[in-house]
Amino acid sequence: MTLKDDMLADVDSVFFNSDEMAETITYTSDGVDKNISALIEIGTSSGEKRNLKEKDRSYGDATFTIKQSDIPKPHTGDKILYNGNKYTFDIIEQCVNGMYDLRFASKESAVSMGRLS
């Protein structure tokens with residue numbers, strides 16, 4: 001077995017195992033719901049903001065790392081339900097070794113819109 005094979009086996013047995021690191025989300029694409037395992041990061045960890053008006057809203061962004069085999073073609077209109085919160089597809093941040101890092105946004109803010117103007 002090669003190192004690559006070992007790493008791919010670890011993806012399923014450790015990273016996407018809900019008893020280890022992953023959590024279950026409901027992914028909706030083209031009106032079809034699918035429960036899948038994902039690694040979840042709520043908020044913006046890099047410190048970079050794509051839009052200055054959204055700098056206080058970064059907690060509403062979330063990155064969901066999913067297996068490409070679970071959702072082969074993420075696209076506009078896709079939704080995620082996680083812990084009772086709905087998130088809307090934003091962008092594919094990267095696709096590496098059969099995993100997508102997908103950015104979603106909740107479109108909610110704890111900051112009044114008047115403060116952002």
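Author: Let's start with a term: a salt bridge is a side-chain nitrogen of Lys or Arg within 4 Å of a carboxyl oxygen of Asp or Glu. Keep in mind that the model you're looking at is predicted.

Reader: Okay, how many salt bridges does a search of the whole structure find?

Author: The general idea is that side chains of opposite charge can pair when their charged atoms come close. Here, searching the whole structure turns up one salt bridge. R103 and E93 form a salt bridge through their side chains, at 3.1 Å from N to O.

Reader: Which parts does that pair tie together?

Author: R103 sits in strand β6 (residues 99-105) and E93 in strand β5 (residues 85-96), so the pair links parts that are ten residues apart in sequence.

Reader: Is R103 buried or exposed?

Author: Buried means under 20% relative accessible area. R103 has 7% relative accessibility, so R103 counts as buried. E93, at 37%, is partly exposed.

Reader: Now K34. Which residues is K34 in contact with, leaving aside its neighbours within four places in sequence?

Author: K34 belongs to strand β2 (residues 32-42), and its contacts beyond those neighbours are I25, T26, Y27, D70 and I71. Take I71: it is 37 residues from K34 along the chain, with 9.1 Å between their C-alpha atoms. As for D70, its backbone oxygen is 2.8 Å from a polar atom of the K34 side chain.

Reader: One last thing: which residues make the nonpolar surface patch?

Author: V14, F15 and M21 make that patch, which covers about 230 Å². You'll find V14 in helix α1 (residues 3-15).

Technical notes: Residues numbered from 1 in each chain as written. Predicted model: local features only at pLDDT ≥ 70, side-chain atom pairs only at ≥ 80, totals over all residues. Heavy atoms only, no water. Patch = residues over 30% accessible without salt bridge, like charges linked within 9 Å, V, L, I, M, F, W, Y side chains within 5 Å. Areas by Shrake-Rupley, 256 points an atom, 1.4 Å probe, with all protein chains shown as cover. Helix = DSSP H or I, 4+ residues; strand = E, 2+ residues; numbered from the N terminus. Buried < 20%, exposed > 50% of the residue type's maximum accessible area, 1.4 Å probe, protein only. Contact = heavy atoms within 4.5 Å. Polar contact = N/O pair within 3.5 Å; in protein donor to acceptor, adjacent residues only side chain to side chain.
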